Amino acid sequence: MGSGHAENFHGIALGDLDNNGRLDLLASRNSHALVRVLQTGPSQFGGPVAAPTGSNPFQIIMEDFDQDGNLDFALTHTLNSFISVYLGDGNGNAVGPWEFEISGHTYDLASGDFNEDGLPDIAVSANQGAYLLLTDAPCDNGPVRGPGDIKLPPPAPKGVTFIRGDSNANGELGLDDGILVLNWIFGGDDAPTCRKTADVNDDSSVELVDVMQLLNHLFSGGPQPAVPYPSCGSDPTADQLSCGSYDGCSPGWGGPTDLAAKS
């Protein structure tokens with residue numbers, strides 16, 4: 001893959017650049033070049049093709065950034081303060097680059113839907129910090145945002161346990177739980193820290209019927225909430241309701257007498 005003399009390769013990526021069902025190879029070379037090799041058959045490759053890039057291309061990622069069904073790619077440069085994005089045409093070729101300025105020389109990068117809008121974004125590490133490029137629309141990478149500018153919600157801890165119906169997370173069911181949920185869904189108040197607690201009937205949504213079942217159980221002996229109830233447990237149903245935190249299952253930490261009583 002070299003040009004007849006000593007070459008160092010920094011990054012490599014694999015993907016089907018020409019849509020023939022076979023993985024192709026793309027590598028960054030220290031002589032300011034990208035080298036592409038297309039796989040033409042089982043264990044058969046065509047000749048390498050080099051294209052110029054910015055100074056010292058480093059890491060490469062492949063992703064369909066413009067959402068046209070063809071793989072594109074982005075790369076960093078250890079001697080330039082930008083990343084380059086190339087858009088693939090599905091035939092093994094690409095147009096570009098589009099350059100996006102970053103504060104400092106760029107190193108590693110990754111792709112993912114960081115703001116959950118259905119479009120792939122790019123995270124970049126540089127010697128000045130870490131940055132996100134949030135895609136506003138296909139083929140339109142939004143402004144570069146630096147450390148502290150992006151406020152992503154914390155991931156829900158795995159294995160969070162809770163009591164169904166206990167929306168205020170005090171370890172027991174009461175009228176105040178129903179009032180909290182009503183104020184959330186009708187009054188615009190903050191949601192419970194564990195929204196799963198408000199889904200009393202476990203139908204993967206929170207509605208007035210959940211509050212009615214809770215109150216009916218508390219005051220008329222009606223059907224009890226779905227599991228986990230009355231003890232702490234995990235949700236048996238996979239849904240989109242979050243459970244970022246729940247304190248109702250935490251042990252009490254009083255003085256020595258309290259701890260002895262709990263043993």
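Contact here means that heavy atoms lie within 4.5 Å, and the structure to which this is applied is a predicted model.

**Exercise 1.** Determine where threonine 53 is placed, whether threonine 53 is buried or exposed, and which residues threonine 53 touches beyond four places in sequence.

*Solution.* Next, take the relative accessible area, which is 16% for threonine 53; because buried means under 20%, threonine 53 counts as buried. Finally, once residues up to four places away in sequence are set aside, the residues touched by threonine 53 are His32, Ala33, Leu34, Leu75, His77 and Tyr86.

**Exercise 2.** Identify the buried residues of helix α1 (residues 175-185), and explain why they are on the same side of α1.

*Solution.* The buried residues of this helix are Asp177, Gly178, Val181 and Trp184. They lie on the same side of α1 because the arc they cover around the axis is only 125°. In an α-helix there are 3.6 residues a turn, so residues three or four places apart point the same way. As for their partner, the buried residues of α1 pack against α2 (208-220).

**Exercise 3.** Describe the largest nonpolar core, and then follow the contacts of alanine 74.

*Solution.* The largest nonpolar core has 14 residues, and those with the most contacts inside it are Ala74, Ile83, Val85, Ile122 and Leu133. At least two residues of this core come from each of β9 (82-88), β12 (121-126) and β13 (129-137). Leaving aside neighbours within four places in sequence, alanine 74 contacts Gln59, Ile60, Ile61, Phe65, Ser84, Val85, Leu109 and Ile122. A second, separate core has 11 residues, including Val160, Phe162, Cys194 and Leu214.

Notes
Residues numbered from 1 in each chain as written. Predicted model: local features only at pLDDT ≥ 70, side-chain atom pairs only at ≥ 80, totals over all residues. Heavy atoms only, no water. Buried < 20%, exposed > 50% of the residue type's maximum accessible area, 1.4 Å probe, protein only. Arc of directions from axis to C-beta. Core = buried A, V, L, I, M, F, W, Y, C linked by side-chain atoms within 4.5 Å.
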